[in-house]
Amino acid sequence: MVKLNTNFRNLKESYLFSGVARRIREFKAANPSADIIRLSIGDVTRPLTAPVVDALVKASKEMGVAETFRGYGDEQGYGFLQLKIKEYYQKTANVTVEQDEIFISDGAKSDIGNFTDMFDTDNIVLVPDPVYPVYVDSNLMDGRKIVYIQGCEANGFLPLPEEKTQADIIYLCSPNNPTGAVYTREQLKVWVDFALKKGAIILFDAAYESFISDSSLPRSIFEVEGAKDCAVEFCSLSKTAGFTGTRCGYTVVPKNIVVDGVSLNRMWLRRQTTKFNGTSYIVQRGAEAVFTSEGYASCRQSIAYYMENARMIASTLDKLGIWHTGGVNSPYIWLRCGMDSWDYFDYLLREANVAGTPGSGFGKCGEGYFRLTAFNTKERTAEALARIAALYNR
Ligand code: PLP
């Protein structure tokens with residue numbers, strides 16, 4: 001008889017954002033006239049920009065003509081997009097990455113989840129708490145042991161390793177989802193030195209790098225000396241360019257990383273060529289347009305739009321005397337809710353018809369905190385803030 005992967009028993013019943021969506025659905029079913037504003041899941045509201053749409057249309061038309069039609073592409077992505085990403089790294093982070101270190105994918109979530117294929121189950125996985133839940137869940141599915149390193153107000157939600165910290169695989173997320181905290185170069189250097197000393201690997205999630213406006217903060221871990229010997233970086237066009245529904249991301253696996261005589265880059269290529277059929281040609285042409293000067297400028301406008309929402313949220317919380325962080329180099333605002341975070345979720349939904357995300361869903365250290373996102377429209381964000389202010393001023 002077939003045997004299931006019993007590690008799935010170790011997962012919580014539902015993925016955090018499915019749980020949030022279910023509670024919103026149930027509330028709506030019980031209160032059909034409620035006009036719920038979602039500042040919860042990190043999905044975008046701005047449409048794809050014109051240069052991207054033009055590129056998608058052009059590529060679609062190419063697919064309908066025999067001479068320009070494309071079938072299976074290279075699983076690791078088309079050279080035209082890898083070269084644009086290589087240039088982007090050079091321009092934005094002053095980092096040199098080789099074309100064959102860049103793997104195009106259908107998004108960071110898949111790559112982050114799939115990358116665990118590279119590692120034995122007998123590894124200690126170090127995960128910051130609170131953080132994006134995919135790191136924990138994908139390792140639990142494989143049956144790996146997870147240890148947590150605690151983020152808190154005292155360390156600015158940016159934990160650093162100590163001499164006694166144990167880790168073989170280290171997840172870092174900067175800018176952090178959910179707290180919005182961003183590691184400095186000096187702090188990342190501490191992690192890189194630690195990983196090199198312990199023979200560990202850093203899986204660095206840079207999905208929100210384009211939201212960093214402070215030029216003194218690193219947008220890539222490869223800005224730090226030694227990182228190309230121990231770190232893999234995951235990036236996404238989901239928030240940078242509104243690709244949450246279009247799907248494209250990229251992962252940089254440096255060729256320098258060799259474990260037990262095996263190149264991690266070659267191993268990932270081997271895995272991808274077997275289990276992944278590549279991102280569609282049409283989508284990769286749309287992604288290429290993101291990295292043109294016109295395309296990038298248009299995406300920057302959407303980012304500026306969201307960051308104005310973040311500023312409005314922070315300003316309202318300040319006026320209400322609610323402690324918060326994030327929202328400056330990240331689209332997430334992390335606030336102290338002063339009660340159990342799921343209770344606060346229910347309270348805000350019930351009393352203001354505003355949905356956010358409970359901090360405890362991101363880890364034990366998130367208990368007592370709450371995440372709001374800047375990804376709704378300006379009008380809906382303003383309306384949500386007016387309702388929250390009215391609730392607090394009642
Ligand atoms: N990493 C972080 C920290 C995220 O918050 C998200 C999406 O919310 C992802 C990765 C996934 O990005 P993608 O849409 O490219 O799969």
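Visitor: How do S11 and strand S12 pair, and over how many bridges?
Guide: S11 and S12 (residues 332-336) are antiparallel, with three bridges between them. Strands are DSSP runs of E, at least two residues, numbered from the N terminus, and pairing takes at least two DSSP bridges.

Visitor: What are the numbers based on?
Guide: This is a predicted model, with local features needing pLDDT of at least 70 and side-chain atom pairs 80 or more, while totals for chains, interfaces and linings use all residues. Residues count from 1 along each chain as written, and side-chain values use heavy atoms, without hydrogens or water.

Visitor: Back to S12. Which residue there is opposite His324?
Guide: Leu335 in S12 stands opposite His324.

Visitor: What sheet are they in, and in what order do its strands run?
Guide: An open sheet of four strands, ordered S11-S12-S15-S14, with antiparallel pairing. Its edges are S11 (324-326) and S14 (357-358), each of which pairs on one side only.

Visitor: Now S8. Which way does S2 pair with S8, parallel or antiparallel?
Guide: Antiparallel: strand S2 (residues 102-105) and S8 share four bridges. Within that pairing, Tyr250 of S8 has Ile104 opposite.

Visitor: And how many bridges join S7 to S8?
Guide: Four, and strand S7 (residues 231-236) runs antiparallel to S8. Phe234 has Thr251 in S8 as its bridge partner.

Visitor: Where do the S8 residues point, and are they buried or exposed?
Guide: In S8 (residues 249-252), Gly249 and Thr251 point one way, Tyr250 and Val252 the other, and all are buried. Buried is under 20% relative accessible area, exposed over 50%, partly exposed in between (1.4 Å probe, protein chains only).
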